[in-house]
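Have your viewer ready with the selection tool at hand, and we will walk through this model stop by stop. At each stop you will get something to select and a short note on what is there.

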Amino acid sequence: MNEPQKLIVNGGRRLEGELRVHGAKNSALPLLSAAVLAHGETVLHNCPALTDVDAACRILTHIGCKCRRSGDTVTVDATNVFGGEIPDSLMREMRSSIVFLGAMLGRAGRCRLSFPGGCELGARPIDLHLSALRQMGADITEQHGYLDCDVGKGLRGTKIVLSFPSVGATENILLAAVTAKGETEIHNAAREPEIVDLADYLTKCGAKIRGAGESVIAVDGVERLEPCEHSVIPDRIAAGTYLCAAAITSGELILTNCCPEHMNGFLQVLETMGTKIYTYGGGKMYISVKKRYTAPPTIRTMPYPGFPTDIQAPFTALCATAEGTSVFVETIFENRFRHVPELVRLGASIKTEGRVCVVQGVKQLSGAKVCAAELRGGAALVTAALAAEGTSEIGGLQYIDRGYENLEGALRSVGADIKRI
Ligand code: EPZ
């Protein structure tokens, strides 16, 4: 029985150099689902090599698509989609597989999938997805942990008001609406860049969408979508994680193939902490950090364009060695501080109370054996270990590999002493 993999990090090395940012996981996944709607071969460039992307390709293959990867281009031939059931085993691999529901209903008219279930961040309900699709005419019965969905005479456009700007629900409604009969309006829609990327792809396939990126999105249903070529936007959370790694080691980094305008929710926090950030054109930006940076004021995670919940964990690691005390309020998920006890093992001084986390900056972290319990928390442990004195051992890499392409290779290329065993 082979031992689970671990990262071994010898901290204290300054990061210095240039890093290319990989394509966005949270854009690639809905785009792979959207390819189901196009009758033919979709080509997705800048598609990151992540285990979540592999899981999405397994689901596509299971429902009749042909997927193949060459470099960072993934091709999805959705000529023959036979719909049907997404088995529990595949659904359990990745809870965001719920975003296949809208596309399957749009293309095949029916779908049976198991409840995605909770994950490491909390309950992850899908009530907003289901109520919206039901409003569009889908008949969805929930029994024995399975969802049986059927569009009957076909999905119809309607006005949908989301009680929360849910990213996944907005994506599922978009995917169901583009070939529904009539017009759909989504009010209080999510405004994330990944929504805009999805709408750009669907529009190139022939969909009629207005207002993506705003709180009201209007979709005029069309008969049929034809495939197209598309490039996945850069991953703003991976970029932000690299910036935290540079900052915590008082280093300096150039990032390429990134999109600074998608990162305003946290770039100005980094600037208030005393880091120097320059953004150039052409997807390039630079960060440099003097010795000790100051703790930011209260950080409250918010839907886009606010401070993104996905970068909260790496930021709590960064603030663990800031000058002063920071307060984080996690307004999006109910259980997103699971990295905190592990950061405390690395010498951080952090207290959590419900959705609030208070980080008291300490002078120096010290290496320890820690384990990731979810994706971004795992990134936080790597970030902290880079600055911790001595050797750290990080387990739970299966979580980190879901959202970061070769994280240790990237960090090693700019000076970190990190290896996977
Ligand atoms: C997407 O998840 C991302 N995942 C998450 O990234 C990200 O944290 C989240 O958006 C918020 O930005 C993907 O895009 C694959 P939500 P999603 O629906 O769509 C509640 C990462 O680390 N809610 O906007 O699931 C929900 O419980 C992952 O890359 C309902 O109550 O996020 C949560 O509290 C983690 N009912 C809040 O809304 C619903 O029907 C935000 O969820 C749906 C959501």
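Predicted model: local features only at pLDDT ≥ 70, side-chain atom pairs only at ≥ 80, totals over all residues.

Start by selecting Leu50, which lies in the loop between S3 and H2. Helices (H or I, at least four residues) and strands (E, at least two) are DSSP runs, numbered from the N terminus. At 1% relative accessibility, Leu50 counts as buried; buried means under 20% relative accessible area, exposed over 50%, and partly exposed in between (1.4 Å probe, protein chains only).

Residues are numbered from 1 along each chain as its sequence is written, and side-chain values use heavy atoms, with hydrogens and water left out.

**Around S3**

Stay in the loop between S3 and helix H2 (51-62) and pick Asn46. For context, most residues other than glycine have a negative phi. Asn46 is buried, with a relative accessible area of 8%.

Step back into strand S3 (residues 41-45) and select Val43. Val43 counts as buried because its relative accessibility is 17%. Show Arg68 too: Val43 and Arg68 are 25 residues apart in sequence, and 9.8 Å apart in space, C-alpha to C-alpha.

**The ligand**

Next, centre the view on the ligand. The space taken by the ligand is the largest pocket. Here is how that is judged: on a 1 Å grid over the protein atoms alone, a pocket is an open set of points where a 1.4 Å probe fits, with protein on both sides within 12 Å along at least five of seven lines. A molecule sits in a pocket if more than half of its atoms lie within 2 Å of its grid points.

Of the 22 residues around the ligand, Asp127, Leu128, Ser166, Asp310 and Ile332 come nearest; a residue is near a molecule if one of its heavy atoms lies within 4 Å of it.

The largest share, 3 residues, comes from H5.

- Lys25: a polar side-chain atom lies 3.0 Å from a ligand oxygen.
- Arg336: a polar side-chain atom lies 3.3 Å from a ligand oxygen.
- Arg376: a polar side-chain atom lies 2.9 Å from a ligand oxygen.

Taken alone, the ligand exposes 830 Å², and the protein buries 87% of that. Accessible areas come from the Shrake-Rupley method with a 1.4 Å probe; for residues, only the protein chains shown count as cover.

Select H6, which is mostly covered, with 9 of its 11 residues buried. Among the buried ones are Glu171, Asn172 and Ile173. At the start of H6, a side-chain oxygen of Ser166 reaches to within 2.9 Å of the backbone nitrogen of Ala169.

Helix H10 (residues 312-319) comes next, with 8 of its 8 residues buried. In the loop between strand S18 (299-300) and H10, find Pro305. A cis peptide bond joins Tyr304 and Pro305, with omega at about 15 degrees. In general, most peptide bonds are trans.

**Last stops**

Move to His230 in strand S14 (residues 229-231). Is His230 buried or exposed? His230 is buried, with a relative accessible area of 5%. The side chain of His230 makes a polar contact with the side chain of Lys204 (2.9 Å). A polar contact is a pair of N or O atoms within 3.5 Å; within protein, one must be able to donate a hydrogen and the other to accept it, and residues adjacent in sequence count only if both atoms are side-chain atoms.

Finish at Val414, in the loop between helix H14 (407-412) and strand S24 (417-420). Val414 counts as buried, at 2% relative accessibility.

Terms used: 1 Å grid on protein atoms, 1.4 Å probe; cavity = no way out; pocket = protein on both sides within 12 Å on 5 of 7 lines; lining within 4 Å.
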